[in-house]
2 protein chains.
Amino acid sequence: MLYLIGLGLSYESDITVRGLETVKKCKRVYLEAYTSILMAADQQSLEKFYGREVILADRELVETGADQILDGAQEDDIAFLVVGDPFGATTHTDLIIRARELNIPVECIHNASVMNAVGACGLQLYKFGQTVSLVFFTETWKPDSFYDKVMENRKIGLHTLLLLDIKVKEQSIENMARGRLIYEPPRYMDIATAASQLLEIEEKRQEQAYTPDTPCVAISRLGSPSQKFKAGTLKELSEYDSGEPLHSLVMLGRQVHDLELEYLYQYVDDKEAFKSFVEKDQEFFKPPPYVPPEDDMSD
Amino acid sequence: MLYLIGLGLSYESDITVRGLETVKKCKRVYLEAYTSILMAADQQSLEKFYGREVILADRELVETGADQILDGAQEDDIAFLVVGDPFGATTHTDLIIRARELNIPVECIHNASVMNAVGACGLQLYKFGQTVSLVFFTETWKPDSFYDKVMENRKIGLHTLLLLDIKVKEQSIENMARGRLIYEPPRYMDIATAASQLLEIEEKRQEQAYTPDTPCVAISRLGSPSQKFKAGTLKELSEYDSGEPLHSLVMLGRQVHDLELEYLYQYVDDKEAFKSFVEKDQEFFKPPPYVPPEDDMSD
């Protein structure tokens, strides 16, 4: 059996009781270690908590070494641990499809992920549209496909969750070219970088999917002991010191409810200013008023 | 301290290790018992698992008795247990705001909910639009506000999660009128009812937000030992026997990826037929081809 087990967001003890029982009985335990991190735990503390060895699975092993992970899983139980939920933003569909091909049964033990825990900021989950990802820009590579998705969400009034880039175990171009297995230190996009990149693309596209005055919520270290929310305009957040990773950003939609706003006010510097930015933003994205069709007078 | 603790989807042991430790140390433990149920546990089995008393909190207590729940929480720890995640589709914002007014610190221990675990069906979570709720129709009350939201999602190609009605501790109109505290047996909407209600509204509105041929995924008992997925058209699912509750429904969006489809094929009766329904549905919702504006020839 292959068990996909969600670890939740932060602590070793964010694993479910059923998840922990399963880890303890498995023959091998892999930890997916390249799409996210646990904020208050690492491989060593997990090994101590579980009382057993945990094998780090990097991108290469997961994407090309599925058969190695699944070796013997017809008879033995293998655990594959994923930060958040196994079916979070990144799914491990390939591994599951490969297991099925090998007639290995698969069971998933779910957990919280940013995709549902983001509700803790006070915005209603059911009013979120599609989720977008923001990658680190380079001098020559500034992908902006997220822009159209944000526009689509905002045209129909929905909130947008923006997932911020994480770079773990990346090689510099020089090291890659020379075949040197030297890795750069991990990088986690912070709120100011995300907001600045968003503003850069708006300046280029000029289609007003959002403006520097668009209200957003910065979500830092969600579910960890130092979790923090900060609400402000994109311009304000482009100068915000969000501290240690991990971070996500939510851009408000026009459908925001008074009760949601009331909840957000505890995270703003200036309640009246924030409220006026919300109203201005809502006004901009209001659908045009309904105009009944004129009678056909042609005959 | 007020602890909001998510219980996950099904088993007693779906609570996190940190959640369980917290329950054990709290002075009083409430279980929110009207917006959802644990599929493989009940009040009694939870009390046994926690080794302590669990107080059922019905809608009345939560909505009007917040001060009773929060009594003494300035000094003592109180746990409020919620099936799924505390910030799931139903948020308990009122209770949190009241706690804040009383200067009671609030901590949330997250867990999986249908809002993120739905990814287990194989569709990518980041391509879901806004979530809609479907309530039981009566002879005289058939609310269809969900219809416009489904249309909005589908126009931009997104999947839609439909949450199905749960009626717990409801009084009949007669009993309510006579002030008799007699409650109807609980009712949980099944897939066939949901699909039929959707078709009834499409027949009335005729705006083709979807058709009887629109491909959907029926999600039954998500995260429980008898979890089951079934993919088919709305028409097919209107005759599907989905078994024991709980159920949710997902309507596919045009953005569906080949890898998602590949995953869904294991849940269909006829792969080729399903594929052709998906293609037909995608064609219908394709954006119109881009036509460049004509040159202005007037001068």
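**Helix H11 (258-264) of chain A is part of what covers the buried residues of H5(B), together with strand S1 (2-6), helix H4 (66-70), strand S4 (78-82) and strand S5 (106-109) of chain B.** This is a predicted model: local features need pLDDT of at least 70, side-chain atom pairs count only at pLDDT 80 or more, and totals for chains, interfaces and linings use all residues. Residues are numbered from 1 along each chain as its sequence is written, chains are lettered from A and ligands numbered from 1 in the order in which they are written, and side-chain values use heavy atoms, with hydrogens and water left out. Helices (H or I, at least four residues) and strands (E, at least two) are DSSP runs, numbered from the N terminus. Covering is judged by contact, meaning heavy atoms within 4.5 Å.

**Which residues of helix H5 of chain B are buried?** Helix H5 spans residues 93-101 of chain B, and its buried residues are Thr93(B), Leu95(B), Ile96(B) and Ala99(B). Viewed down the axis of H5(B), these buried residues fall within an arc of 165°, so they line one face of the helix. The arc is that of the directions from the helix axis to the C-beta atoms. Asp94(B) and Glu101(B) are exposed, on the face of H5(B) turned away from its buried side. Buried means under 20% relative accessible area, exposed over 50%, and partly exposed in between (1.4 Å probe, protein chains only). Just after H5(B), Asn103(B) has a positive phi of about 60°.

**Chain B meets chain A through 47 residues on chain B and 47 on chain A.** The two chains bury about 3900 Å² between them, and 58% of this lies on carbon and sulfur atoms. Buried area is the accessible area (1.4 Å probe) that two parts lose on being put together, summed over both. The rule finds two salt bridges across the interface of chain B and chain A. A salt bridge is a side-chain nitrogen of Lys or Arg within 4 Å of a carboxyl oxygen of Asp or Glu. Asp14(A) pairs in this way with Arg18(B), with the closest N and O atoms 2.9 Å apart.

On chain B, helix H1 (17-25), H5, helix H6 (114-117), helix H7 (145-155) and helix H11 (258-264) each supply at least two residues of the side that touches chain A. H5(B) gives the most, with five residues. By class, this side of chain B has 22 nonpolar, 18 polar and seven charged residues. Ala, Val, Leu, Ile, Met, Phe, Trp, Tyr, Cys and Pro count as nonpolar; Asp, Glu, Lys and Arg count as charged; the others, Gly among them, count as polar.

**Lys127(A) forms a salt bridge with Glu260(A).** Their closest N and O atoms are 2.7 Å apart. Lys127(A) lies in the loop between helix H6 (114-117) and strand S6 (132-134) of chain A, and Glu260(A) in helix H11 of chain A, so the pair ties together parts that are 133 residues apart in sequence. Lys127(A) and Glu260(A) are buried.

**Arg205(A) forms a salt bridge with Asp144(A).** The closest N and O atoms are 3.2 Å apart. Arg205(A) sits in helix H9 (residues 191-205) of chain A and Asp144(A) in the loop between S6 and helix H7 (146-155) of chain A, so the pair ties together parts that are 61 residues apart in sequence. Arg205(A) and Asp144(A) are buried.

**Arg154(A) forms a salt bridge with Asp281(A).** Here the closest N and O atoms are 2.8 Å apart. Arg154(A) lies in helix H7 of chain A and Asp281(A) in helix H12 (residues 271-284) of chain A, so the pair ties together parts that are 127 residues apart in sequence. Arg154(A) and Asp281(A) are buried. Elsewhere, salt bridges that share partners join Asp144(A), Asp148(A), Lys204(A), Arg205(A) and Glu207(A) into one network.

**Is Ser224(A) buried or exposed?** Ser224(A) has 9% relative accessibility, so it counts as buried. Ser224(A) is placed in the loop between strand S10 (215-220) and strand S11 (228-233) of chain A. Not counting residues up to four places away in sequence, Ser224(A) touches Ser10(A), Tyr11(A) and Met39(A).
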